[in-house]
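Subject: Structure for you to look at

Hello,

Here is the structure I said I would pass on. Please open it alongside this message, and keep the sequence to hand.

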Number of protein chains: 2
Amino acid sequence: MTSRLPTSLHRTLSRYKPGDLRISPSRLLDTLHHSCQWGAAHRYGPQPTQTGMARLSLDANDAKVRAWMAREAEAVGCRTVVDGVGNQFFIRPGDRADAAPTAMGSHMDTQPTGGRYDGILGVVAGLEVMRTLHHRGLRTRYPLALVNWTNEEGARFPRSLAGSAVWAETLPLDQAWSLKDVNDPSITLRDALVEARMLGTHCDHRSLPLAAHFELHIEQGPILEQRDKRIGVVLGGQAYKWFDVEISGMECHTGSTPYEYRADALLCASRIIVEATLMAKEVGALASTGIIEARPGSVNTCPGTVRMTIDVRHARSDVVADLCQRIRARSAVLGRGTGDRHCTVRWDQTFESDAATFDPACIEAIRDVAVATVGSDRVLDMYSGAGHDSFSTSLRCPTGMIFVPSRDGISHNPSEFTEPEHW
Amino acid sequence: MTSRLPTSLHRTLSRYKPGDLRISPSRLLDTLHHSCQWGAAHRYGPQPTQTGMARLSLDANDAKVRAWMAREAEAVGCRTVVDGVGNQFFIRPGDRADAAPTAMGSHMDTQPTGGRYDGILGVVAGLEVMRTLHHRGLRTRYPLALVNWTNEEGARFPRSLAGSAVWAETLPLDQAWSLKDVNDPSITLRDALVEARMLGTHCDHRSLPLAAHFELHIEQGPILEQRDKRIGVVLGGQAYKWFDVEISGMECHTGSTPYEYRADALLCASRIIVEATLMAKEVGALASTGIIEARPGSVNTCPGTVRMTIDVRHARSDVVADLCQRIRARSAVLGRGTGDRHCTVRWDQTFESDAATFDPACIEAIRDVAVATVGSDRVLDMYSGAGHDSFSTSLRCPTGMIFVPSRDGISHNPSEFTEPEHW
């Protein structure tokens, strides 16, 4: 892939000398926690900031933090554009008014038992950049934008990256609008936009193009911490597929049924989990089961039915597709077993995401600055395991991501934490 | 073990010629279904008898069927004794009034989603024996008894074999009395006895001895059907131990956490299930998991905690004890894994039952009659995989059990069925 990054921008970034222009870490920290007053939940310690978050997309707290974001961005010279799916674009003019802005974006919504960093850090860091430029009285040749993407988590409306996907035209606006609140299906995403006063005029990557999109995000994994790195330069995002797998065997009494007459759905499920892991390891991929339910659920009854999920990931879409096929085939063999009775294994694909490839010039620019800031031995090239709004933008504009360490690799959890010095 | 069966009884049984005295199969069938009017539930077909049962111990339906049982037994010459835990003894006098009765016993209570045969068949078959003797005007030298043991299932009050264990003095009466209704802990078993008018005078194997105990029961497994046998001669009951196993790892994101940094509690649990099965197979034992719960339960989060049960069985108590130790040791190794992060595995034993050994003379008597009735190629010596009241009685008097086939090996299920011709 050749870079689509505007040469002028590339040159500007490459010429940047670290230390010429620094943000205020304490202001960034204060702002992050200030913004978390809307949706703070799940206290885990005595300090005021020792809580997690429950700020579901477009709920009352999200409406409040969005209104606050707009006031803060406008106070440092940005104008606000809200599109048809509630994405907020805070645009800071450059010398060339005709050019597309270079964006920094992430999301302010959280999981119901989320933390204070996932998404939030990226948006408030972008606000801190705007404030720094403003207070230093600096103008840029090209416009800049800070973007707060709607419903990234998919926790309230069950489609992750919904806002950025509408902008990228991989999700039609009317499909996004008709997404239903998982807790109250009478509320659509469009209803929630109206309620939050966030229903703007439809615009997408054609009508509101971005010259590039940069996203600072917590790693949500343990790699940087374990390898004692400070900054991850993200080369792209893994492809992944999700499946609901149903294993149908036959209930039987644990005491009176010899193995050869069993069709134990849970034993079959366990074998699939173990073998899927081994098969994934062989090709450097990941296969994981997060949800499992076994029925009927009695100590002395072998389960007749198991429903579980399987999540398969790798940096290459073709590796994911091939591995999924082989795991499915193997699961059918495991279902047949060696005894007289068999389990049947049914697979339903529930979601898939192709691999995301980030822009070489963006990657290089991020790496150069990272190395200059923390030294080459503290910088790591890596792939993103989780999905991000940058996956959507990477389809439409040059995109890059910056990862910072997650303590213990914990994310989607109230105790999610990133050392402020790692920002 | 040498037989404790009275010589006189042994001689009588050994002299029995099949065909001299036959029950009425149609009356037995009618009686079984008649008794199921109290507690019928879970319809699965259009025929009146195509339902399962939900007759929990000492509930209103159990009280009705108990009152009906007493009327029917008394109508054919039995006197009723109810003991302190509600066990009903219907005693038919013999010529020798001073001798202990030879008993036929099982239970009338069912699982909440139970069938029409488990326990019920054994009790109504005993009633049919009493009726046959009565209508033929036959007297026996020794008294006979039909026993309806209380709370065999342990489904309402969580201690299986409770009534027979009190009789056998392996469960103190006050402990049985204080068992709490699993659905309404404000009700004790003693309260339920009073409510059902089934609180009698305490008596046990000392004050109300039985000369022997025979139990006809459905197999609750597939062996007889699969091997085309009609009657199982039960040599004893498997020992078993139940465990709650808790595996504590660490939640992590399925996409951003390489295997070496995971402590995936569900992967660890799956390995334990698979390896416990292999280890049990090696020694001819059974290890099974019926209940599993994984938290937090999200497609893209590796579970941090899994709770599951493990049920280990073998005909010998020492084999069970040794196997359980080895599975526990192996689970600790599997928990440690090969990566940087570990799962801890905690085991709590929740129940154990020693192997039951039945009486050689009772076994021989049953086998002789079975062979004479259906031919030696349709009779199979076997062990009971499930627990039965006969396990309790075997500790205090010569005991034997007769198994009849279960269609598809299904039990503890509304569709439980045994061909009437197999009775």
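Below is what I found in it, going from the whole chain to single residues.

Please keep in mind that this is a predicted model.

Overall build

Chain A has 12 helices and 18 strands. Its C-alpha atoms fill a box of roughly 80 × 45 × 45 Å along the principal axes. Among the contacts in chain A between residues at least 6 apart in sequence, 76% join residues at least 24 apart. The accessible surface of chain A is about 16700 Å², and 50% of that belongs to carbon and sulfur atoms.

How the two chains relate

Chain B is superposed on chain A by a rotation of 180 degrees with 0.0 Å of shift along the axis, at an RMSD of 0.1 Å. This is the relation of a two-fold axis. Which C-alpha of chain B is nearest the axis? It is that of Ser270(B), at 2.2 Å. Both copies use the same surface, with 100% of the contact residues of chain B recurring in chain A.

Ser270(B) belongs to helix α9 (residues 265-282) of chain B. With a relative accessibility of 2%, Ser270(B) counts as buried, the cut-off being under 20%. Apart from residues up to four places away in sequence, Ser270(B) touches Ser270(A), Ile273(A) and Val274(A). Within chain B, the C-alpha atoms of Ser270(B) and Val333(B) are separated by 14 Å, and the two residues are 63 apart along the chain.

There is also a charge-over-ring arrangement involving both chains: the charged end of Lys281(B) sits over the ring of Tyr259(A), 5.2 Å from the ring centre. Another is found inside chain B, where the charged end of Arg313(B) sits over the ring of Tyr240(B), 4.0 Å from its centre.

Aromatic rings

Over all chains, the count is 18 aromatic pairs. One of them is Trp242(A) with Phe351(A): the ring centres are 5.6 Å apart and the planes are at 45 degrees, so the pair is tilted. Trp242(A) lies in strand β9 (residues 239-248) and Phe351(A) in strand β15 (residues 344-353) of chain A, so the pair ties together parts that are 109 residues apart in sequence. Trp242(A) is buried at 17% relative accessibility, whereas Phe351(A) is partly exposed at 21%. Elsewhere in chain A, Phe89(A), Trp149(A) and Trp167(A) form one aromatic cluster.

Helices of chain B

In helix α2 (residues 25-35), the buried residues are Leu28(B), Thr31(B), Leu32(B), His33(B) and Ser35(B). The buried residues of α2(B) pack against α3 and α4 (120-135) of chain B.

Asp62(B) lies in helix α3 (residues 60-75). Is Asp62(B) buried or exposed? Asp62(B) is buried, with a relative accessible area of 1%. Leaving aside neighbours within four places in sequence, Asp62(B) is in contact with Arg55(B), Leu56(B), Ser57(B) and Met108(B).

Val319(B) is in helix α10 (residues 317-336) and counts as buried at 16% relative accessibility. Outside the four places on either side in sequence, Val319(B) is in contact with Val283(B) and His314(B). The C-alpha atoms of Val319(B) and Thr277(B) are 15 Å apart, and the residues are 42 apart in sequence.

Backbone points to check

A cis peptide bond joins Arg295(A) and Pro296(A), with omega about 10 degrees. Pro296(A) is in the loop between β12 (292-295) and β13 (301-302) of chain A. In chain B, the bond from Arg295(B) to Pro296(B) is cis too, with omega near 10 degrees.

Two leucines of chain A have a positive phi although neither is a glycine: Leu58(A) at about 70 degrees and Leu161(A) at about 55 degrees. Leu58(A) is in the loop between β2 (51-53) and α3 (60-75), and is buried at 3% relative accessible area. Leu161(A) is in the loop between β6 (144-148) and α5 (162-167), and is buried at 11%.

Regards

Definitions and conventions
Residues numbered from 1 in each chain as written. Chains lettered and ligands numbered in written order. Predicted model: local features only at pLDDT ≥ 70, side-chain atom pairs only at ≥ 80, totals over all residues. Heavy atoms only, no water. Phe/Tyr/Trp six-rings, centres within 6.5 Å; stacked < 30°, edge-to-face > 60°. Helix = DSSP H or I, 4+ residues; strand = E, 2+ residues; numbered from the N terminus. Buried < 20%, exposed > 50% of the residue type's maximum accessible area, 1.4 Å probe, protein only. Lys NZ or Arg CZ within 6 Å of the ring centre and 35° of its normal. Contact = heavy atoms within 4.5 Å. Least-squares fit on C-alpha atoms with pLDDT ≥ 70 in both. Areas by Shrake-Rupley, 256 points an atom, 1.4 Å probe, with all protein chains shown as cover.
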